[in-house]
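Hello,

Here is the structure we talked about handing over. Please open it first, then read my notes below.

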Amino acid sequence: MILVGINGYGTIGKRVADAVSMQPDMNVAGVVKTRPTHEAKHAIKSNYGLYANNRENMQKFIEADMAVLGTLEDLIDKSDIIVDCTPGKIGAANKPLYVSKGIKAIFQGGEKPDIAEVSFNSQGNYKECIGKDYARVVSCNTTGLCRTLGAIEQAFGGIRKTRITLIRRGPDPGNSSKGPVNAIVPNPVTVPSHHGPDVNTIFPDMDIMTSAVVVPTTLMHLHTMIVELKNPATTGDIIKLFKNTPRIILVRASEGIASTAEIMEHARDIGRKRGDLNEIAVWEESINVVGNELFYIQAIHQESDVVPENIDCIRAMCGLTQNASESIAMTDKALGLTMN
Ligand SMILES: NC(=O)c1ccc[n+]([C@@H]2O[C@H](COP(=O)([O-])OP(=O)(O)OC[C@H]3O[C@@H](n4cnc5c(N)ncnc54)[C@H](OP(=O)(O)O)[C@@H]3O)[C@@H](O)[C@H]2O)c1
(Lines give C-alpha, C1' and ligand atoms only; values in the text may rest on other atoms or scores of the structure.)
Protein backbone atom coordinates (compact mmCIF):
# COMPACT_ATOMS: atom_id res chain seq x y z
CA MET A 1 0.00 0.00 0.00
CA ILE A 2 1.56 3.30 -1.11
CA LEU A 3 1.20 6.18 1.39
CA VAL A 4 0.49 9.50 -0.31
CA GLY A 5 1.05 12.86 1.39
CA ILE A 6 -0.84 15.78 -0.12
CA ASN A 7 0.73 19.21 0.30
CA GLY A 8 -1.95 21.88 -0.35
CA TYR A 9 -5.57 21.02 0.34
CA GLY A 10 -7.48 23.36 -1.95
CA THR A 11 -9.36 22.82 -5.23
CA ILE A 12 -7.06 20.11 -6.58
CA GLY A 13 -5.60 18.80 -3.30
CA LYS A 14 -8.90 17.83 -1.70
CA ARG A 15 -10.02 16.02 -4.85
CA VAL A 16 -6.69 14.17 -5.12
CA ALA A 17 -6.99 13.16 -1.44
CA ASP A 18 -10.50 11.77 -1.99
CA ALA A 19 -9.41 9.95 -5.17
CA VAL A 20 -6.38 8.39 -3.43
CA SER A 21 -8.59 7.20 -0.57
CA MET A 22 -10.83 5.37 -3.09
CA GLN A 23 -8.01 3.34 -4.70
CA PRO A 24 -7.22 -0.25 -3.67
CA ASP A 25 -3.42 0.20 -3.73
CA MET A 26 -2.81 3.56 -2.02
CA ASN A 27 -3.85 5.52 1.05
CA VAL A 28 -3.74 9.13 2.26
CA ALA A 29 -0.84 9.62 4.71
CA GLY A 30 -2.01 13.16 5.52
CA VAL A 31 -2.72 16.59 4.08
CA VAL A 32 -1.08 19.99 4.62
CA LYS A 33 -2.83 23.30 5.32
CA THR A 34 -1.39 26.69 6.23
CA ARG A 35 -4.43 27.94 8.17
CA PRO A 36 -7.17 26.49 10.42
CA THR A 37 -9.96 27.02 7.88
CA HIS A 38 -13.20 25.15 7.13
CA GLU A 39 -11.17 23.04 4.68
CA ALA A 40 -8.83 22.02 7.51
CA LYS A 41 -11.90 20.98 9.55
CA HIS A 42 -13.13 19.03 6.52
CA ALA A 43 -9.79 17.20 6.26
CA ILE A 44 -10.07 16.10 9.89
CA LYS A 45 -13.68 14.98 9.35
CA SER A 46 -12.52 12.95 6.36
CA ASN A 47 -9.97 11.21 8.62
CA TYR A 48 -7.03 12.62 6.67
CA GLY A 49 -4.24 13.40 9.12
CA LEU A 50 -3.80 17.20 9.21
CA TYR A 51 -0.33 18.76 9.05
CA ALA A 52 0.81 22.40 9.01
CA ASN A 53 3.21 23.67 6.35
CA ASN A 54 5.65 24.91 9.05
CA ARG A 55 6.15 25.16 12.84
CA GLU A 56 4.91 28.75 13.05
CA ASN A 57 1.60 27.91 11.37
CA MET A 58 1.24 24.71 13.40
CA GLN A 59 0.74 26.96 16.43
CA LYS A 60 -2.34 28.51 14.74
CA PHE A 61 -3.99 25.07 14.51
CA ILE A 62 -3.20 24.37 18.18
CA GLU A 63 -4.70 27.74 19.16
CA ALA A 64 -7.82 26.93 17.09
CA ASP A 65 -8.06 23.60 18.96
CA MET A 66 -7.60 21.58 15.76
CA ALA A 67 -5.91 18.18 15.89
CA VAL A 68 -2.68 18.87 14.00
CA LEU A 69 -0.25 15.95 13.74
CA GLY A 70 2.94 17.83 12.84
CA THR A 71 4.51 19.72 9.98
CA LEU A 72 5.09 19.03 6.29
CA GLU A 73 8.48 17.54 7.21
CA ASP A 74 6.77 15.04 9.55
CA LEU A 75 4.31 14.11 6.79
CA ILE A 76 7.15 13.58 4.33
CA ASP A 77 8.74 11.14 6.78
CA LYS A 78 5.51 9.08 6.83
CA SER A 79 4.86 9.15 3.07
CA ASP A 80 6.15 7.25 0.04
CA ILE A 81 5.31 10.13 -2.30
CA ILE A 82 4.09 13.73 -2.02
CA VAL A 83 1.51 15.21 -4.38
CA ASP A 84 2.18 18.95 -4.26
CA CYS A 85 -1.12 20.78 -4.85
CA THR A 86 -0.04 24.17 -3.54
CA PRO A 87 -0.77 27.30 -5.63
CA GLY A 88 1.41 27.82 -8.74
CA LYS A 89 5.12 28.57 -8.06
CA ILE A 90 4.96 27.38 -4.41
CA GLY A 91 5.73 23.86 -5.62
CA ALA A 92 9.04 25.19 -6.98
CA ALA A 93 9.83 26.65 -3.55
CA ASN A 94 8.99 23.29 -1.93
CA LYS A 95 11.11 21.18 -4.26
CA PRO A 96 14.46 21.63 -2.41
CA LEU A 97 12.83 20.15 0.71
CA TYR A 98 11.61 17.11 -1.25
CA VAL A 99 15.08 16.66 -2.74
CA SER A 100 16.80 16.95 0.64
CA LYS A 101 14.38 14.42 2.15
CA GLY A 102 14.79 12.08 -0.83
CA ILE A 103 11.04 11.78 -1.42
CA LYS A 104 9.30 11.42 -4.76
CA ALA A 105 7.01 14.34 -5.66
CA ILE A 106 4.32 15.16 -8.19
CA PHE A 107 3.77 18.81 -9.13
CA GLN A 108 0.78 20.42 -10.85
CA GLY A 109 0.32 22.42 -14.04
CA GLY A 110 0.86 25.80 -12.34
CA GLU A 111 4.56 24.95 -12.11
CA LYS A 112 7.01 25.36 -14.98
CA PRO A 113 7.77 22.13 -16.90
CA ASP A 114 11.43 22.17 -15.83
CA ILE A 115 10.47 21.61 -12.18
CA ALA A 116 10.29 17.88 -12.96
CA GLU A 117 12.10 15.24 -14.95
CA VAL A 118 8.96 14.68 -17.02
CA SER A 119 5.47 16.09 -17.61
CA PHE A 120 2.66 13.55 -17.39
CA ASN A 121 -0.54 12.56 -19.14
CA SER A 122 -1.91 9.06 -18.56
CA GLN A 123 -2.75 8.14 -22.16
CA GLY A 124 0.12 10.17 -23.63
CA ASN A 125 3.31 9.10 -21.83
CA TYR A 126 2.67 6.86 -18.80
CA LYS A 127 5.72 4.72 -19.60
CA GLU A 128 8.10 7.72 -19.46
CA CYS A 129 7.12 8.30 -15.83
CA ILE A 130 7.75 4.80 -14.53
CA GLY A 131 10.14 4.96 -11.57
CA LYS A 132 10.76 8.72 -11.90
CA ASP A 133 11.32 10.82 -8.76
CA TYR A 134 9.74 14.08 -9.98
CA ALA A 135 6.87 14.51 -12.42
CA ARG A 136 4.45 17.29 -13.28
CA VAL A 137 0.83 16.56 -14.18
CA VAL A 138 0.04 19.04 -16.96
CA SER A 139 -2.69 21.67 -16.45
CA CYS A 140 -6.42 21.09 -16.83
CA ASN A 141 -6.50 22.60 -20.33
CA THR A 142 -3.41 20.71 -21.47
CA THR A 143 -4.84 17.46 -20.05
CA GLY A 144 -8.03 18.04 -22.06
CA LEU A 145 -6.07 18.72 -25.23
CA CYS A 146 -3.85 15.65 -24.72
CA ARG A 147 -6.84 13.35 -24.12
CA THR A 148 -8.60 14.00 -27.43
CA LEU A 149 -5.60 14.90 -29.62
CA GLY A 150 -3.65 11.92 -28.24
CA ALA A 151 -6.53 9.58 -29.09
CA ILE A 152 -6.68 10.94 -32.67
CA GLU A 153 -2.91 10.80 -33.09
CA GLN A 154 -2.73 7.19 -31.92
CA ALA A 155 -5.78 5.97 -33.88
CA PHE A 156 -5.20 7.69 -37.22
CA GLY A 157 -1.43 7.63 -37.61
CA GLY A 158 -0.72 11.21 -36.64
CA ILE A 159 -1.93 14.79 -36.88
CA ARG A 160 -0.53 17.07 -39.60
CA LYS A 161 -1.29 20.18 -37.54
CA THR A 162 -3.85 21.55 -35.11
CA ARG A 163 -5.12 25.07 -34.37
CA ILE A 164 -7.15 25.69 -31.22
CA THR A 165 -8.96 28.53 -29.46
CA LEU A 166 -9.33 28.13 -25.71
CA ILE A 167 -12.17 29.96 -23.97
CA ARG A 168 -11.13 29.85 -20.34
CA ARG A 169 -13.17 30.26 -17.15
CA GLY A 170 -12.31 33.25 -14.94
CA PRO A 171 -11.95 31.91 -11.38
CA ASP A 172 -13.01 28.56 -9.92
CA PRO A 173 -16.54 28.63 -8.41
CA GLY A 174 -15.23 28.83 -4.82
CA ASN A 175 -13.08 31.91 -5.50
CA SER A 176 -14.77 35.29 -4.95
CA SER A 177 -11.71 37.45 -5.50
CA LYS A 178 -11.04 37.11 -9.24
CA GLY A 179 -12.66 38.25 -12.50
CA PRO A 180 -13.32 39.20 -15.17
CA VAL A 181 -16.91 40.26 -14.41
CA ASN A 182 -17.91 41.91 -17.68
CA ALA A 183 -15.06 41.56 -20.14
CA ILE A 184 -13.44 39.07 -22.49
CA VAL A 185 -9.71 39.12 -21.89
CA PRO A 186 -7.11 37.75 -24.30
CA ASN A 187 -4.99 35.77 -21.83
CA PRO A 188 -2.25 35.59 -22.69
CA VAL A 189 -2.50 38.24 -25.38
CA THR A 190 0.43 36.62 -27.19
CA VAL A 191 0.05 33.70 -29.57
CA PRO A 192 0.72 30.86 -29.05
CA SER A 193 -0.59 30.73 -25.53
CA HIS A 194 1.43 28.48 -23.23
CA HIS A 195 -1.00 25.58 -23.82
CA GLY A 196 0.41 24.52 -27.22
CA PRO A 197 4.01 24.31 -25.97
CA ASP A 198 2.69 22.49 -22.89
CA VAL A 199 1.07 19.83 -25.10
CA ASN A 200 4.52 19.47 -26.69
CA THR A 201 5.90 18.37 -23.30
CA ILE A 202 3.75 15.24 -23.83
CA PHE A 203 3.69 15.03 -27.67
CA PRO A 204 6.97 16.72 -28.70
CA ASP A 205 6.40 16.45 -32.46
CA MET A 206 2.83 17.74 -32.63
CA ASP A 207 2.39 20.91 -34.75
CA ILE A 208 0.01 22.82 -32.45
CA MET A 209 -0.90 26.51 -32.11
CA THR A 210 -3.22 27.77 -29.38
CA SER A 211 -4.70 31.14 -28.49
CA ALA A 212 -6.70 31.79 -25.34
CA VAL A 213 -9.23 34.22 -23.87
CA VAL A 214 -10.75 34.40 -20.38
CA VAL A 215 -14.51 34.97 -20.02
CA PRO A 216 -16.85 35.72 -17.09
CA THR A 217 -17.78 32.16 -16.14
CA THR A 218 -16.64 29.82 -13.37
CA LEU A 219 -17.94 26.51 -14.61
CA MET A 220 -15.64 25.06 -17.29
CA HIS A 221 -13.20 25.83 -20.08
CA LEU A 222 -14.26 25.32 -23.72
CA HIS A 223 -12.00 24.54 -26.68
CA THR A 224 -12.84 24.93 -30.36
CA MET A 225 -10.61 22.51 -32.23
CA ILE A 226 -9.39 22.36 -35.83
CA VAL A 227 -7.25 19.32 -36.59
CA GLU A 228 -5.62 18.58 -39.93
CA LEU A 229 -5.43 14.79 -40.22
CA LYS A 230 -2.55 12.91 -41.84
CA ASN A 231 -4.77 10.02 -42.93
CA PRO A 232 -8.40 9.88 -44.01
CA ALA A 233 -11.09 9.49 -41.36
CA THR A 234 -14.83 10.08 -41.38
CA THR A 235 -17.00 11.91 -38.87
CA GLY A 236 -18.32 8.48 -37.87
CA ASP A 237 -14.77 7.20 -37.24
CA ILE A 238 -14.07 10.09 -34.86
CA ILE A 239 -17.37 9.63 -32.99
CA LYS A 240 -16.59 5.92 -32.59
CA LEU A 241 -13.04 6.69 -31.41
CA PHE A 242 -14.18 9.17 -28.74
CA LYS A 243 -16.94 6.76 -27.61
CA ASN A 244 -14.33 4.07 -27.03
CA THR A 245 -11.64 6.21 -25.38
CA PRO A 246 -11.51 6.34 -21.57
CA ARG A 247 -12.07 9.76 -19.96
CA ILE A 248 -13.81 11.24 -23.01
CA ILE A 249 -17.61 11.43 -23.07
CA LEU A 250 -19.89 12.53 -25.87
CA VAL A 251 -22.71 14.92 -24.99
CA ARG A 252 -25.55 16.05 -27.25
CA ALA A 253 -27.27 19.43 -27.55
CA SER A 254 -30.24 17.48 -28.96
CA GLU A 255 -30.62 15.90 -25.50
CA GLY A 256 -30.58 19.28 -23.76
CA ILE A 257 -26.85 19.51 -23.01
CA ALA A 258 -26.34 22.69 -24.98
CA SER A 259 -23.80 24.50 -22.79
CA THR A 260 -21.28 24.08 -19.99
CA ALA A 261 -24.10 24.82 -17.51
CA GLU A 262 -26.01 21.71 -18.59
CA ILE A 263 -22.83 19.61 -18.56
CA MET A 264 -22.30 20.54 -14.92
CA GLU A 265 -25.97 19.83 -14.17
CA HIS A 266 -25.51 16.41 -15.81
CA ALA A 267 -22.49 15.71 -13.57
CA ARG A 268 -24.63 16.55 -10.52
CA ASP A 269 -27.50 14.39 -11.84
CA ILE A 270 -25.28 11.33 -12.20
CA GLY A 271 -24.17 11.77 -8.59
CA ARG A 272 -20.58 12.87 -9.05
CA LYS A 273 -19.02 14.14 -5.82
CA ARG A 274 -18.89 17.98 -5.77
CA GLY A 275 -20.60 17.86 -9.20
CA ASP A 276 -17.23 16.99 -10.79
CA LEU A 277 -16.75 15.70 -14.31
CA ASN A 278 -13.33 14.05 -14.63
CA GLU A 279 -13.94 13.25 -18.28
CA ILE A 280 -13.55 15.62 -21.26
CA ALA A 281 -16.99 16.33 -22.75
CA VAL A 282 -17.15 16.55 -26.55
CA TRP A 283 -20.34 17.72 -28.27
CA GLU A 284 -21.21 14.93 -30.69
CA GLU A 285 -22.97 17.34 -33.08
CA SER A 286 -19.81 19.48 -33.31
CA ILE A 287 -17.68 16.65 -34.72
CA ASN A 288 -17.31 17.20 -38.45
CA VAL A 289 -14.68 16.06 -40.93
CA VAL A 290 -14.42 18.27 -44.04
CA GLY A 291 -11.75 17.05 -46.45
CA ASN A 292 -8.74 16.34 -44.24
CA GLU A 293 -9.85 18.80 -41.53
CA LEU A 294 -11.60 17.69 -38.35
CA PHE A 295 -13.62 20.15 -36.29
CA TYR A 296 -15.03 19.62 -32.78
CA ILE A 297 -15.85 21.49 -29.56
CA GLN A 298 -14.93 20.17 -26.12
CA ALA A 299 -15.47 21.28 -22.53
CA ILE A 300 -13.07 20.79 -19.63
CA HIS A 301 -14.02 20.65 -15.95
CA GLN A 302 -10.95 22.43 -14.69
CA GLU A 303 -11.38 21.42 -11.05
CA SER A 304 -11.39 17.68 -11.68
CA ASP A 305 -10.00 16.43 -15.02
CA VAL A 306 -6.42 16.24 -13.71
CA VAL A 307 -7.41 14.15 -10.68
CA PRO A 308 -7.31 10.70 -12.36
CA GLU A 309 -3.98 11.66 -13.98
CA ASN A 310 -2.49 12.33 -10.52
CA ILE A 311 -3.54 8.82 -9.46
CA ASP A 312 -2.00 7.21 -12.55
CA CYS A 313 1.14 9.30 -12.08
CA ILE A 314 1.51 7.95 -8.52
CA ARG A 315 1.22 4.38 -9.89
CA ALA A 316 3.81 5.02 -12.62
CA MET A 317 6.34 6.72 -10.33
CA CYS A 318 5.95 4.11 -7.59
CA GLY A 319 6.09 1.25 -10.11
CA LEU A 320 2.70 -0.16 -9.07
CA THR A 321 2.03 -1.19 -12.65
CA GLN A 322 4.04 -0.81 -15.85
CA ASN A 323 0.86 -0.74 -17.91
CA ALA A 324 -0.99 2.54 -18.59
CA SER A 325 -4.27 0.86 -19.56
CA GLU A 326 -4.26 -1.19 -16.38
CA SER A 327 -3.75 1.90 -14.22
CA ILE A 328 -6.37 3.91 -16.13
CA ALA A 329 -8.92 1.09 -15.75
CA MET A 330 -8.16 0.71 -12.04
CA THR A 331 -8.42 4.46 -11.39
CA ASP A 332 -11.61 4.85 -13.40
CA LYS A 333 -13.30 1.86 -11.75
CA ALA A 334 -12.51 3.24 -8.29
CA LEU A 335 -13.78 6.71 -9.25
CA GLY A 336 -16.92 5.31 -10.90
CA LEU A 337 -16.04 6.68 -14.36
CA THR A 338 -17.68 4.78 -17.19
CA MET A 339 -17.41 4.83 -20.96
CA ASN A 340 -20.17 6.44 -23.07
N1 LIG B 1 -8.09 24.97 -10.07
C2 LIG B 1 -7.80 24.62 -11.29
O3 LIG B 1 -8.57 24.90 -12.20
C4 LIG B 1 -6.57 23.83 -11.58
C5 LIG B 1 -6.64 22.86 -12.59
C6 LIG B 1 -5.50 22.11 -12.88
C7 LIG B 1 -4.31 22.37 -12.21
N8 LIG B 1 -4.28 23.35 -11.27
C9 LIG B 1 -2.99 23.57 -10.59
O10 LIG B 1 -3.03 22.90 -9.33
C11 LIG B 1 -2.26 23.64 -8.38
C12 LIG B 1 -3.15 23.97 -7.20
O13 LIG B 1 -4.20 24.79 -7.68
P14 LIG B 1 -5.59 24.91 -6.91
O15 LIG B 1 -6.55 25.44 -7.90
O16 LIG B 1 -5.90 23.67 -6.18
O17 LIG B 1 -5.23 26.06 -5.88
P18 LIG B 1 -6.07 26.47 -4.60
O19 LIG B 1 -7.50 26.13 -4.77
O20 LIG B 1 -5.68 27.86 -4.30
O21 LIG B 1 -5.51 25.48 -3.50
C22 LIG B 1 -4.19 25.49 -3.05
C23 LIG B 1 -4.21 25.41 -1.55
O24 LIG B 1 -2.88 25.36 -1.08
C25 LIG B 1 -2.84 25.96 0.19
N26 LIG B 1 -1.53 26.60 0.37
C27 LIG B 1 -1.15 27.86 0.10
N28 LIG B 1 0.16 28.01 0.37
C29 LIG B 1 0.59 26.83 0.83
C30 LIG B 1 1.85 26.35 1.30
N31 LIG B 1 2.93 27.13 1.34
N32 LIG B 1 1.93 25.07 1.72
C33 LIG B 1 0.86 24.26 1.69
N34 LIG B 1 -0.36 24.66 1.26
C35 LIG B 1 -0.48 25.92 0.83
C36 LIG B 1 -3.99 26.97 0.26
O37 LIG B 1 -4.76 26.67 1.40
P38 LIG B 1 -4.45 27.24 2.84
O39 LIG B 1 -3.54 28.42 2.71
O40 LIG B 1 -5.80 27.54 3.39
O41 LIG B 1 -3.81 26.07 3.53
C42 LIG B 1 -4.85 26.63 -0.94
O43 LIG B 1 -6.18 26.29 -0.60
C44 LIG B 1 -1.69 24.84 -9.14
O45 LIG B 1 -0.44 24.49 -9.67
C46 LIG B 1 -2.69 25.02 -10.28
O47 LIG B 1 -2.14 25.69 -11.39
C48 LIG B 1 -5.39 24.05 -10.91
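**Two domains**

The domain assignment gives domain 1 (2–138 + 306–335) and domain 2 (140–300); such bounds come from an automatic or database assignment. This is a predicted model: local features need pLDDT of at least 70, side-chain atom pairs count only at pLDDT 80 or more, and totals for chains, interfaces and linings use all residues. Residues are numbered from 1 along each chain as its sequence is written.

The C-alpha centres of the two domains lie 26 Å apart. In domain 1, 18 residues are in contact with 17 residues of domain 2. Contact means that the C-beta atoms, placed from the backbone, lie within 7 Å. On the domain 1 side, the elements giving two or more residues are helices H1 (11–21), H6 (122–129), H11 (307–317) and H12 (324–335). Helices (H or I, at least four residues) and strands (E, at least two) are DSSP runs, numbered from the N terminus. That side has seven nonpolar, seven polar and four charged residues. Here Ala, Val, Leu, Ile, Met, Phe, Trp, Tyr, Cys and Pro count as nonpolar, Asp, Glu, Lys and Arg as charged, and the others, Gly among them, as polar.

**Around the ligand**

The shell around the ligand has 27 residues, and Gly8, Gly10, Thr11, Gln108 and Gly110 come nearest. A residue is near if its C-beta atom, placed from the backbone, lies within 6 Å. H1 and strand S2 (26–33) each give two or more residues to this shell. H1 gives the most, with three. By class, the shell has seven nonpolar, 15 polar and five charged residues.

**Helix H10**

Which residues of H10 (260–269) are buried? They are Thr260, Ile263, Met264 and Ala267. They sit on the same side of H10, because they cover an arc of only 95° around the axis. The arc is that of the directions from the helix axis to the C-beta atoms. Buried means 20 or more other C-beta atoms within 10 Å of a residue's own; exposed means 12 or fewer, and partly exposed lies in between, with C-beta atoms placed from the backbone. The face turned away from the buried side carries the exposed residues Ala261, Arg268 and Asp269. The cover over the buried residues includes strands S11 (221–229), S12 (248–251), S13 (280–283) and S15 (293–300). After H10 comes Gly271, with a positive phi near 80°.

**The whole protein**

There are twelve helices and 15 strands. Of the 340 residues, 45% count as buried. The C-alpha trace spans about 65 × 45 × 40 Å along its principal axes.

Best wishes

Key:
Two residues are in contact if their C-beta atoms, placed from the backbone, lie within 7 Å.
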